[in-house]
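Here's a quick briefing to read alongside the model. Have the sequence and the coordinates open as you go through the points.

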Amino acid sequence: MSKSQATPNSAATGAESPDAILFREGMSRAAAAVHVVTTDGEAGRAGFTATAVTPVTDSPASLLVCVNTASRSAQALLANRAFCVNTLGAEDLALADIFAGRTGLQGQDRFTVGAWEKLETGSPALTTSLVSFDCRISDARVVATHHVIIGEIVGIRLGERKPPLIYQGRHYHKL
Ligand SMILES: Cc1cc2nc3c(=O)[nH]c(=O)nc-3n(C[C@H](O)[C@H](O)[C@H](O)COP(=O)(O)O)c2cc1C
């Protein structure tokens with residue numbers, strides 16, 4: 001029996017396939033850097049916590065971010081055509097929770113905590129980040145539940161060298 005025949009009703013019922021649960025458990029075992037991805041422009045200011053950030057190439061310097069299509073920030077990012085990836089130090093754990101929506105702050109209000117400046121695209125850069133990558137969107141496509149957004153880096157602000165914030169086993173850690 002093929003795999004699709006083994007779970008014939010999962011699409012119709014909305015039930016999760018075991019593969020998705022196993023995938024998330026598997027990914028929880030991997031350690032990841034924690035970033036706050038921000039944007040600003042005509043569509044407004046927005047930001048969210050992300051671990052799905054990956055370098056693509058250094059020529060031209062580019063990275064990709066995966067953002068849930070249901071996220072409020074996704075529309076702002078795509079409409080502004082720009083974003084900034086701010087890699088968090090361990091001391092900024094509170095910001096990770098705020099930008100993950102765990103404190104109830106939404107939209108612009110998330111920026112009332114932390115010190116922010118603007119780089120070339122106008123997207124907010126966190127002054128205490130380990131590094132901030134200022135990007136213009138060069139490509140984007142939807143893969144099922146997520147926008148995969150590629151940003152060409154137009155500016156990099158190197159921060160202080162200090163312990164990074166890590167997410168592993170569904171908890172934050174200081175390296
Ligand atoms: C550690 C951690 C990592 C996350 N990584 C991502 C991610 O890579 N992509 C994503 O779309 N959401 C991710 N999320 C969830 C978003 O941060 C969360 O849904 C947020 O509230 C979205 O805000 P928005 O709806 O205002 O855009 C992550 C959450 C946590 C706690």
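A pocket here is an open set of points on a 1 Å grid over the protein atoms alone, where a 1.4 Å probe fits and protein lies on both sides within 12 Å along at least five of seven lines; lining residues have an atom within 4 Å of a point. With that in hand, the largest pocket is lined by 39 residues. Keep in mind that this is a predicted model, where local features need pLDDT of at least 70, side-chain atom pairs count only at pLDDT 80 or more, and totals for chains, interfaces and linings use all residues. Numbering runs from 1 along each chain as its sequence is written, and side-chain values use heavy atoms, with hydrogens and water left out.

**The largest pocket**

- Thr-49, Ala-50, Thr-51, Ala-52 and His-146 are the lining residues that lie nearest the centre of the largest pocket.
- Two or more lining residues come from each of α3 (18-29), β3 (46-50), β4 (53-58), β5 (61-68), α4 (72-80) and β11 (165-168); helices (H or I, at least four residues) and strands (E, at least two) are DSSP runs, numbered from the N terminus.
- β3 gives the most to this lining, with five residues.
- The space in this pocket is about 1,300 Å³, where a volume is the space filled by probe spheres set on the grid points, which are joined across faces, edges and corners.
- Sorted by class, the lining has 20 nonpolar, 14 polar and five charged residues. Nonpolar covers Ala, Val, Leu, Ile, Met, Phe, Trp, Tyr, Cys and Pro, charged covers Asp, Glu, Lys and Arg, and the others, Gly among them, are polar.

**Nonpolar cores**

- A nonpolar core is a set of buried Ala, Val, Leu, Ile, Met, Phe, Trp, Tyr and Cys residues joined through side-chain atoms within 4.5 Å; buried means under 20% relative accessible area (1.4 Å probe, protein chains only).
- The largest such core has 16 residues, and Val-37, Phe-48, Leu-63, Val-65, Phe-83, Val-85 and Ile-149 have the most contacts inside it.
- At least two residues of this core come from each of β3, β5, α4, β6 (82-87), β9 (131-143) and β10 (146-158).
- Another core, of twelve residues, lies apart from it, and its members include Val-34, Leu-95, Ile-98 and Tyr-172.
- Val-85 sits in strand β6 and counts as buried because its relative accessibility is 0%.
- Beyond four places in sequence, Val-85 is in contact (heavy atoms within 4.5 Å) with residues including His-35, Val-53, Leu-63 and Phe-133.
- Val-85 and Ala-125 are 40 residues apart in sequence but 7.8 Å apart in space, C-alpha to C-alpha.

**Helix α4**

- Ser-73, Ala-74, Ala-76, Leu-77, Leu-78 and Asn-80 are the buried residues to look at in α4.
- The buried residues of this helix pack against β2 (35-39), β3, β5, β6, β9 and β10.
- Just after the helix, Arg-81 takes a positive phi of about 60°.

- Thr-38, in strand β2, is buried at 0% relative accessible area.
- The Thr-38 side chain reaches the backbone oxygen of Pro-124 at 2.6 Å.
- Ser-132 belongs to strand β9 and is also buried, at 0% relative accessibility.
- The side chains of Ser-132 and Ser-129 make a polar contact of 2.8 Å; the term means a pair of N or O atoms within 3.5 Å, where, within protein, one must be able to donate a hydrogen and the other to accept it, and residues adjacent in sequence count only if both atoms are side-chain atoms.

Terms used: Buried < 20%, exposed > 50% of the residue type's maximum accessible area, 1.4 Å probe, protein only.
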